[in-house]
Amino acid sequence: MKRERIWAKPVIYLLLLLSCLHIRMMNGEIGVVNAEVSEVSEDWLYKANGDGTATITGYWGGESEVIIPAVLDGYTVTRIGSHAFAFGWNSYLEITSISIPNSVTSIGDYAFENNSELADINIPNSVTSIGKFAFYNCSGLTSISIPNSVTSIGDYAFADCSGLSNISIPNSVTSIGDRAFSWTKWLDNKRAIDPCVVVNGILIDGYACKGAVNIPNSVTSIENYVFENCSGLTSISIPNSVTSIGDSAFYNCSELMSISIPNSVTNIGNSAFRYCSGLTSISIPDSVTSIGNSAFYGCSGLISISIPNSVTSIGRSTFEGCCGLTSISIPNSVTSIGNGAFAGCSNLTSVTIPSSVTGIEAGAFKAYNKNLTIFTEEGSYAVTYAKENGLTAKILSQNHPDQKTDIEKVEVSKVKKFKATAKKKGLALKWKKVSGANGYQIQVSTKKNFKGAKTYTVKNKTKYTVSKLKSGKKYYIRIRAYKNYKAENGKTQKAYGKYVTISKKTK
């Protein structure tokens, strides 16, 4: 059905010259969004892709029942671009139906967003992906059939389609984004049948779960936000078919007291258990290699946690606000500890940090307990970190790891006039002697955080040549002096000064 346009057509074509400049007010600031030059073909805006195909970027016609052409100006239409038919973006026309040609392979982000009158749409068997927010808030849709060519559905793709009660999802779909079907009648109906809503092995929703929950063995991944704010959830058992726990998967499940993570899981997402204040202990299996930022943030009831030797880094705010923790041992697989990792752990008195850790951000133990002691190895970066941040450090005996020895208050000055001269595949280093120093520790790395750095110890010298480096490569070099001292156990230990860092490119 044809609907009369408010604007005269000449005015529309004038506006097309500015179609690439979508100006929106955000937080009091005017910005230009999604700038791209579009071609005009009658009522259509499109962009040539450079391979004989085109992407539809807008529609300026007056038809509410829209038929997208398969060809425009000789170009085959293969994509529906971002915001192409989004109400209030490129168009204020109330579209009621859309016919998509079978030349189209992808439906872009926000493509049909906010079309509340859209009641009928066919997605052809050529489409392989549906972008994020593609049909967001299309409240007039009641039924949709996704063809078996589609493999991925983006975040919020059909969210807030309040009238949508019938959705056909084929087995070809292997990726479903965050809240793709939230706030639909279809999801409400699924929850009524089983509070754990699973689609093709993907657990997409568990908000209605209560009490003790056993996740089905068919599930391979727990998606982002699945159990977010699920206040009635008390315990959960995850099958060994699951390999990942998504971001905020159990966010604010305040009554969750028990969870079993199988050794099939390799990744725990950002904020996965944030504000799960009812958790008292958790064992992370040695299959896990990555723990996301803020994963256990605000788990105030947590008094025990085991970090496996498979984890290589502890991210930002991972255990922040876990005020029930009194001690924690970092495994020797870990190389870095992020900002705020243990901030606000007010009852933490003992942290064991191995020499494998070469980077600790300044705020890692922000607002720490005054009684906090770092137990570490001789010459480790943790010793330097403790000194620089006014923390107590004690050395772990190499022969008796349980024996902890006080570091004497030995003052070691920083190295001055540290310089590097480029050599062929090498660097010649030179510095000023530090009074009372017994030697110097030098680290060389291609990375600014010194991950994987090579370490050299130099005694009674103020120059050293590092060889066998890569030609024409920039290297970061740091040096610190050390003094020998007698520890309480009678053994000679080293006290280190602060690092001085420079960089230089080899010839």
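**Notebook: cysteines and cores**

I searched the whole structure for disulfides (pairs of cysteine sulfur atoms within 2.5 Å) and found 0. C196 is in no disulfide, and its nearest cysteine sulfur, that of C209, is 3.5 Å away. I also noted that C196 is buried, at a relative accessible area of 8%; buried means under 20% relative accessible area, exposed over 50% and partly exposed in between, with a 1.4 Å probe and protein chains only.

A note on what I am reading: this is a predicted model, where local features need pLDDT of at least 70, side-chain atom pairs count only at pLDDT 80 or more, and totals for chains, interfaces and linings use all residues. Residues are numbered from 1 along each chain as its sequence is written, and side-chain values use heavy atoms, leaving out hydrogens and water.

Next I looked at C276. C276 counts as buried, with 0% relative accessibility.

Then I turned to the nonpolar cores (buried Ala, Val, Leu, Ile, Met, Phe, Trp, Tyr and Cys residues joined through side-chain atoms within 4.5 Å). The largest has 65 residues, and I222, F227, F250, F273, F296 and F342 have the most contacts inside it. Its largest share, 4 residues, comes from α3, a helix in the DSSP sense (H or I runs of at least four residues; strands are E runs of at least two, and both are numbered from the N terminus).

I picked out F273: leaving aside residues up to four places away in sequence, its contacts (heavy atoms within 4.5 Å) include I245, F250, L279 and C299.
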